[in-house]
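The sequence and structure come first.

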Amino acid sequence: MIITVTANPAVDVIYSLRDTIVCADLNRAYESRVFAGGKGINVSRAIKSAGGDSEAAVLLGGYVGGMLEKMLLCEGMSVLKVPSLCETRVNICAVSSNGDATEINAPGGPVSFQELENLASVVVEKASFGDVVILAGSLPKCDNYDKNLFLTNFISDLKSKGCKVILDCSGDALRASVEGSCPPDIIKPNFCELIELVPELSNEDLSDEDKVFEITEKVCEKIAKKGISVLATLGSAGALYTSSNAPSVHIRQKSFHVDHISNIKGAGDTFLGTFVYHKFILNNDEKTSMNHAAKAAADHVGGNYNLN
């Protein structure tokens with residue numbers, strides 16, 4: 001079984017513009033779409049689109065939280081709802097005619113530490129030996145708690161039950177998890193998140209895709225030697241997978257061409273969900289799984305959504 005965890009979900013509102021966005025002025029959209037969002041939710045959606053099933057554990061609160069839950073159920077997803085007294089956030093994304101996206105993401109929260117603990121407890125109780133648990137996205141605002149310690153304990157509890165843990169987060173939380181005493185089995189950073197782990201590489205020339213892959217391989221090998229596999233999504237360049245079982249072996253995946261960019265939001269989540277389903281449920285090899293994931297991500301970016 002696959003369980004996705006979204007501690008900081010959102011209702012995503014995406015506006016499509018006929019021109020480029022203009023700051024400090026009125027921008028008119030010709031189309032708007034509303035999705036149940038949050039990284040773990042996006043991953044579950046991708047798994048469903050690929051033909052699989054997952055349990056989506058989500059912290060939900062208020063009117064927006066109730067609306068988001070109904071949206072997920074209408075999509076046919078299995079939801080593990082953990083209630084919160086805090087209103088679930090709303091995020092906005094405006095996509096210009098050239099494909100550039102301007103995003104405004106609310107921070108989410110504040111939630112209580114007990115609510116986060118309840119989310120973790122529900123997931124740990126639900127999980128069984130051999131399950132894949134994907135911890136995805138940011139944590140909402142919460143006073144008087146150490147988010148890095150929370151993640152470490154959460155991962156430790158899951159691994160003690162024999163689960164494979166995949167972490168998709170960024171910044172200090174990602175660094176602490178990679179360097180901590182109980183790291184996840186796999187991390188799924190994008191290129192910017194990966195480079196944050198090795199700041200000395202940030203000044204490299206990134207205009208060439210081969211150079212991007214070369215730098216990514218250096219960082220992934222370093223992390224894989226710590227016993228952590230890395231699935232790095234690299235935007236239009238593609239993706240790369242490095243297994244902790246073979247840190248010096250890197251599997252490159254080029255991206256598929258997209259004629260028209262409709263929505264870049266959630267492309268990496270789509271890649272991750274499709275990859276996990278093909279690798280861990282269908283038992284395909286990494287290269288085959290990455291090829292399916294790249295195709296699904298391209299379909300997502302191009303607007304070929306499958307919500308049924």
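Leaving aside neighbours within four places in sequence, glycine 137 is in contact with Lys39, Asp168 and Cys169; contact means heavy atoms within 4.5 Å. Glycine 137 sits in the loop between β8 (132–136) and α4 (147–160). Its C-alpha atom is separated by 6.6 Å from that of threonine 6, with the two residues 131 residues apart along the chain. Helices (H or I, at least four residues) and strands (E, at least two) are DSSP runs, numbered from the N terminus.

The model is predicted: local features need pLDDT of at least 70, side-chain atom pairs count only at pLDDT 80 or more, and totals for chains, interfaces and linings use all residues. Residues are numbered from 1 along each chain as its sequence is written, and side-chain values use heavy atoms, with hydrogens and water left out.

Most residues other than glycine have a negative phi, and most peptide bonds are trans. The bond from glycine 109 to proline 110 is cis, with omega near 5 degrees. Proline 110 lies in the loop between β7 (101–104) and α3 (113–126).

Two asparagines have a positive phi, as listed here.

| Residue | Phi | Loop |
|---|---|---|
| Asparagine 283 | about 60 degrees | between α8 (267–281) and α9 (286–301) |

Asparagine 144 counts as exposed because its relative accessibility is 81%. Asparagine 283, at 62% relative accessibility, is also exposed. Buried means under 20% relative accessible area, exposed over 50%, and partly exposed in between (1.4 Å probe, protein chains only).
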